[in-house]
Amino acid sequence: MGLQSCTKLSPFSIFNLPTTLNRFSYRFHHHLRSPPPLLVRALSSSSTAAAPQPPTAAISDDTKVAQWKAAIDFKWIRDNKEAVAANIRTRNSNANLQLVLELYDNMLNLQKEVERLRAERNVVANKMKAKLEPSERQKLIEEGKNLKDVLVSLEEDLLKLTDELQQEAQCVPNMTHPDAPVGGEDCSTVRKVVGKPREFGFAIKDHVQLGKDLDIIDFDAASEVSGSKFYYLKNEAVLLEMGLVNWAVSEVMKSGFTPLTTPEIVRSSIVQKCGFQPRGSNTQVYSIVGSDQCLIGTAEIPVGGIHMDSILAEASLPLKYVAFSHCFRTEAGAAGTATRGLYRVHQFSKVEMFVLCRPEESDSFHEELISIEEDLFSSLGLHFKTLDMATEDLGAPAYRKFDVEAWMPGLGRYGEISSASNCTDYQSRRLGIRYRPGPSTPSKKGKGSSGVTQFVHTLNATACAVPRMLVCLLENYQQEDGTVVVPEPLRPFVGGLEVIDYKYR
């Protein structure tokens, strides 16, 4: 159950590329010499034909400039542009690959020219060390000053061009697993089906009615206090929430995961580095006005940042975490019966699994994560199906994603209760998380002693999203008399509670 991934920004939200490149050509023509013919062609073609017009919609200042740099392999993108373009199409992404390639070529050309001018400036500086006639010295001084002025301006242009390239390239989605189904959500394929729907011999209730009748959920009071899509849990529902969290953490720890609680406010840049868009009309993220901070929508974000800008020893991998946090989502655009009650809310508790591993291990850890999820839900006696999600439903970071949808009889449909995603090196290239093959000591913001570093692969999976688990448990374990039986595996975690009964008859 991931957040909304990167949304497209204006191609010219930082500066006008044609104007910059024309200014660049003008400086060389008037201050130095005509630029090489190849450079002229490269720049003029970009400035006349390839640049789309900027949209009229304004973008707030806090989204304009890339404050961090992702270690994107632009050369690989250029060398594999056909495969990247096909991937963008199958994901129905609005990433602008053509602009990325043009910006990259322009940046390389500008880098070469900046380096050439720096070399010329060094030649002039060396000439100044010799004994010279005053007129010759003055000529060199003027030439050096001219070179310096142009270099300063071109270096500014190069910085802006690099930021523009980063901004555009960060919207290019991850590549896709070859076995992932192509198309929209309805093209997703079923990997596994567990159990079958329970047959009821009486008129069933949904969790909203059950919660009201048993005095364990109060939506009305929460709506008055906080607005729609909020709720109070009361009585046994509180025990169930705490029990579900402790049960999930305890079970996942048996597979070698380290437990964590996380910050629930993070910097906006961390949200972006994990592949989500913290601002925009359709964002799922609550941003704190007047700061660079956001409320988290999933523990994946703060756990992903725990090793940011680190070089890990290979011997420390894999790193497996199970994290508890509260999550906050705007649920922009969500409406209708599919969001009734606890199914889609603004605030909830969740237990999340997160893995950092070597690249060759990520597929096997993806299978491990979905297996853990299936074992958890099977032990509670739920009927569910596991789906291999289609390309248009992956989100930018995911290379492949498996969803678990459980039967919710009161709602009369299957509902997503979990997902497991392999993000390969998409997040680690943005977060700066690498490892050094062979014996080494972990290093923070350092290069270590030897060996070529590689980016780790990251994976995430939901062990327990509490509100949707409550929907499943209440609706599937309801009895004819209106009470609800607590599944046996949870009873040790809720003080031995076996049945949720009426408070008043």
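Me: Which side chain does Glu331 pair with in a polar contact?
Reply: The side chain of Glu331 makes a polar contact with that of Arg344, at 3.4 Å. Please keep in mind that this is a predicted model.

Me: Where does Glu331 sit in the fold?
Reply: Glu331 belongs to the loop that runs between strand S8 (319–328) and strand S9 (347–357).

Me: Is Glu331 buried or exposed?
Reply: Glu331 counts as buried because its relative accessible area is 10%, and the cut-off for buried is under 20%.

Me: What else does Glu331 touch?
Reply: Leaving out residues up to four places away in sequence, Glu331 touches Lys229, Gln284, Arg344, Val345 and His346.

Me: Now to backbone angles. What is phi for Asp215 and for Asn235?
Reply: Phi of Asp215 is near 60°, and phi of Asn235 is near 50°. Both values are positive, in residues other than glycine. In general, a negative phi is found in most residues other than glycine.

Me: Where are these two, Asp215 and Asn235?
Reply: Asp215 is in the loop between helix H7 (207–213) and strand S2 (217–218). Asn235 lies in the loop between strand S3 (232–233) and helix H9 (236–253).

Me: Which residues line the largest cavity?
Reply: The lining consists of Leu240, Leu473, Leu474, Val484, Val485, Val486, Pro487 and Ile500. Helix H14 (466–476) and strand S17 (484–485) are the elements that give two or more residues to this lining. By residue class, the lining has 8 nonpolar, no polar and no charged residues.

Me: How many residues of H14 are buried?
Reply: In H14, 11 of its 11 residues are buried. Among them are Leu473 and Leu474, which also line the largest cavity. The buried residues of H14 include Arg468 and Glu475 as well.

Me: And Val271, which helix is that in?
Reply: Val271 is in helix H10 (residues 268–273). Val271 counts as buried because its relative accessibility is 1%. Not counting residues up to four places away in sequence, Val271 touches Val266, Phe276, Pro278, Val285, Cys294 and Ile301. The C-alpha atoms of Val271 and Leu295 are 9.5 Å apart, and these residues are separated by 24 residues along the chain.

Me: Finally, what does the protein as a whole look like in terms of helices, strands and burial?
Reply: The secondary structure comes to 14 helices and 18 strands. Of the 505 residues, 51% are buried. The protein exposes about 23000 Å², and 52% of that area is supplied by carbon and sulfur atoms.

How values were computed. Residues numbered from 1 in each chain as written. Predicted model: local features only at pLDDT ≥ 70, side-chain atom pairs only at ≥ 80, totals over all residues. Heavy atoms only, no water. Helix = DSSP H or I, 4+ residues; strand = E, 2+ residues; numbered from the N terminus. Buried < 20%, exposed > 50% of the residue type's maximum accessible area, 1.4 Å probe, protein only. Areas by Shrake-Rupley, 256 points an atom, 1.4 Å probe, with all protein chains shown as cover. 1 Å grid on protein atoms, 1.4 Å probe; cavity = no way out; pocket = protein on both sides within 12 Å on 5 of 7 lines; lining within 4 Å. Nonpolar A, V, L, I, M, F, W, Y, C, P; charged D, E, K, R; others polar. Polar contact = N/O pair within 3.5 Å; in protein donor to acceptor, adjacent residues only side chain to side chain. Contact = heavy atoms within 4.5 Å.
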